Amino acid sequence: LTFPLLSVTLLVSFGSSMLYGYNLAVVNSPAEHIKAFYNATWSQRYGHGLGPAPLTLLYALTVSIFALGGLLGSLLVGVLVERYGRNGALSRSALLVLLAGGFMGSSRELGSPEMVIIGRSITGIHSGGCFLGCAQPLPHGSGGGEGFVFPTGSVEGIFICLGVFSAQVLGLPELLGKDRFWPLFLSVVVVPASLQLLLLHCFPESPRYLLIERNDICGATKALHQFLGSPDVQDVIEEMKEEQRSLSSMEMASVWQLLRDRSLRWQTLSVVVLNAGMQLSGIDAIWFYTNTIFENAGIPVSQIPYTTMGTGAIEVVAGLIG
């Protein structure tokens, strides 16, 4: 394990997985403040407030638009990575987060609930494209072109937990949990995105991308020297060349073609069932609606933020153990 490899893994996880976790939990603490803002804005515009059902529907849209944005981002990631490489795709994704932070941070000043919803959708696009796509092709495993075995999946999982926990901590009443701070609370996402944008240029592009997609043997060799800290990388170069030859004879399938391919039906169904089971297990309900769940369970309102933070701390510990 070399320092450049560890650094780029942590940087990408910090700016991708951690942001994903933060955006999952950030709407929990300021829920009532955001609803109050929506209601007040509606009254100013139309002369009457929102009823409980329309208000719940509007807030539910604010929460769920993140997932819809993630779906769109996951469909676009292949094009981005193929065209710009891992670093380029991550940089462009970080710019999206800066835009989203601007929308959400200025929404109250401009009296626009729409800006909160748009900002949430953009962070979803970032998470779908960055965490689900760009973060995955990190140097790992045999055949990946970097000759490096490292549990990047575990790192991403831990950073998701840390992102959730950081949102719960910042949402405490002593920090950003007050009514006047919720736009700032939502726009904190610009901090890790800015750091990623500033530091990505310090690291070389993925050797696999340079050789297989760009056919840049010189650049791939140089990147491997930096990543592996070894002058002898010829075996890895040959391995990537072999993979390049194999890929050149393969036809890439679209999502629709994948779903229609009978020979892959059971494999596809297995992936869908496993992921659906994870999403429907209740973990998203805990992240999005923790305060409401604990309030309905009878926990005193003054103690709920700290109980919520306790669930996040337990999740971090469980992630590390796992």
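Colleague: Where is Asn 215 found?

Modeller: Asn 215 sits in the loop between helix H9 (207-213) and helix H10 (217-228). Helices are DSSP runs of H or I with at least four residues, strands are runs of E with at least two, and both are numbered from the N terminus. This is a predicted model, in which local features need pLDDT of at least 70, side-chain atom pairs count only at pLDDT 80 or more, and totals for chains, interfaces and linings use all residues. Residues are numbered from 1 along each chain as its sequence is written, and side-chain values use heavy atoms, with hydrogens and water left out.

Colleague: What makes the phi of Asn 215 a point to mention?

Modeller: Phi there is near 55°, a positive value in a residue other than glycine. Most residues other than glycine have a negative phi.

Colleague: How do you know that helix H4 falls short of a straight helix?

Modeller: Compare two lengths! H4 (residues 52-105) has 54 residues, and a straight helix would reach 80 Å, taking 1.5 Å times one less than the number of residues. The end C-alpha atoms of H4 are only 25 Å apart.

Colleague: Where does H4 bend, and by how much?

Modeller: At Gly 85, by about 115°. That is the angle between axes fitted to the seven residues ending there and the seven starting there.

Colleague: What makes a space a cavity rather than a pocket?

Modeller: On a 1 Å grid over the protein atoms alone, a cavity is a set of points where a 1.4 Å probe fits but cannot get out; a pocket is an open set with protein on both sides within 12 Å along at least five of seven lines, and lining residues have an atom within 4 Å of a point. The whole structure has 1 cavity of 30 Å³ or more. The largest cavity holds about 70 Å³ of space, and its lining includes Asn 28, Ser 29 and Asn 291. Helix H6 (152-170) and H15 each give two or more residues to that lining.

Colleague: Which residues are closest to the centre of the second largest pocket?

Modeller: Of 16 lining residues, they are Asn 28, Ser 29, Glu 32, Asn 291 and Val 301. This pocket holds about 330 Å³, and H14 gives the largest share of its lining, 5 residues.

Key:
Grid points are joined across faces, edges and corners, and a volume is the space filled by probe spheres set on the points.
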